[in-house]
Amino acid sequence: MKSHKYLKWFGVASTIGMLLILLGGALVTKTDSGMGCGRHWPGCNGQLIPDEITTEVLIEFSHRLVTGAVGIFIVVLAVWSWKALGHMRETKFLAITAVFFLILQALIGAAQVLWGQGDFILALHFGISLISFASVFLLTLLVFEADRKFDATNIKMHKKLKAHTIGVTIYSYIVVYTGALVRHTQSELVCLDWPFCDNSAIGLPRHFNEWVQMGHRFAAALIFIWILYIMIHVVKNYKNQKIIYYSWISAFALVAAQVMSGATVIFTQLNLFVTLLHSLFISLLFGVLTYLILLVFRSNQK
């Protein structure tokens, strides 16, 4: 069987690049650098390359450069995978999805710079980038599969697990959206206690920003419990299917890290490193869940 050594490592590089785009976007928002280049795109403050470099300009312009460079990588990966792995039924769909959502997130980012957008629209930006990341991540896994680094072809998944997998993956996107809404409405520190907004006087949120913050915490708690339940079910019933077994253990480890990092964000008063870890964990979790969705559609058992 033909080896895909170079395509495999190109996919790894593209996946890491997409993570850098996701974390770069989070960094831009966390540091309020979105207007670092003013209302100019693709240039910066009226210049192709800015000659006055402030912290905001450096963060925003670097994010644009990384997005452009990684975008080229993803287009190459999509075309290369299409030619090399076109016989695998998921390849073409993932290649198209990766490129389409990469372009879409770039256009939304450009629209925000040029005209400005509401918080509810901006919250979609991270989620759209996440779909492109997941597509690149899955394309890379397909290359590893093609090189027989692991076997994920003979999958048997019962109807119950299929339903939970699809449901929790769709729900995870809602969790991502609520988290992005917290960021874009600047609701991160409206509740300085955890897990409740005010541990000494537990009650309903009192205004919009508290509803946003507590809504996200409730959504995060529910996905933690849901994935814990699924993992226990899988550990009991799928020990002989290692790819499913270890994927759900990984999913639980990531959602647990996500919850802990979310609490630490509050305790550390928005420590930048912790907030970026928070974005990283949800990105990796979404990648694992979308891979499990792929396995659902491969499963030959009802």
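Below are my notes in the order I looked things up.

**Model.** I'm working with a predicted model here, so every value below is computed from it.

**Fold.** I started with the secondary structure and got eight helices and zero strands. Reading from the N terminus, I wrote the order down as α-α-α-α-α-α-α-α.

I then picked out α3, which covers residues 91–115 and so has 25 residues. From first C-alpha to last I get 36 Å, close to the 36 Å expected at 1.5 Å a residue. Next I checked what comes after α3: Gly116 follows, and its phi is positive, near 80°.

**Overall size.** How does the radius of gyration compare with that of a compact globule? For 302 residues the globule value would be near 19 Å, and I get 20 Å for the protein, which agrees. I also took the spans of the C-alpha trace along the principal axes, and they come to about 55 × 55 × 25 Å.

**Packing.** Taking buried as under 20% relative accessible area, I find that 50% of the 302 residues qualify. For contacts I kept pairs with a separation of 6 or more; residues 24 or more positions apart account for 78% of those.

**Surface.** The protein exposes about 15,000 Å². Carbon and sulfur atoms supply 69% of that area.

**Charges.** Last, I went through the charges and noted 23 positive and 14 negative.

How values were computed. Residues are numbered from 1 along each chain as its sequence is written. This is a predicted model: local features need pLDDT of at least 70, side-chain atom pairs count only at pLDDT 80 or more; totals for chains, interfaces and linings use all residues. Side-chain values use heavy atoms; hydrogens and water are left out. Helices (H or I, at least four residues) and strands (E, at least two) are DSSP runs, numbered from the N terminus. The expected span of a helix is 1.5 Å times one less than its number of residues. The radius of gyration is taken over C-alpha atoms; the globule rule is 2.2 Å times the number of residues to the power 0.38. Buried means under 20% relative accessible area, exposed over 50%, partly exposed in between (1.4 Å probe, protein chains only). Contact means heavy atoms within 4.5 Å. Accessible areas come from the Shrake-Rupley method with a 1.4 Å probe; for residues, only the protein chains shown count as cover. Lys and Arg count as positive and Asp and Glu as negative; His and the chain ends are not counted. The place of a charge is taken as NZ of Lys, CZ of Arg, CG of Asp or CD of Glu.
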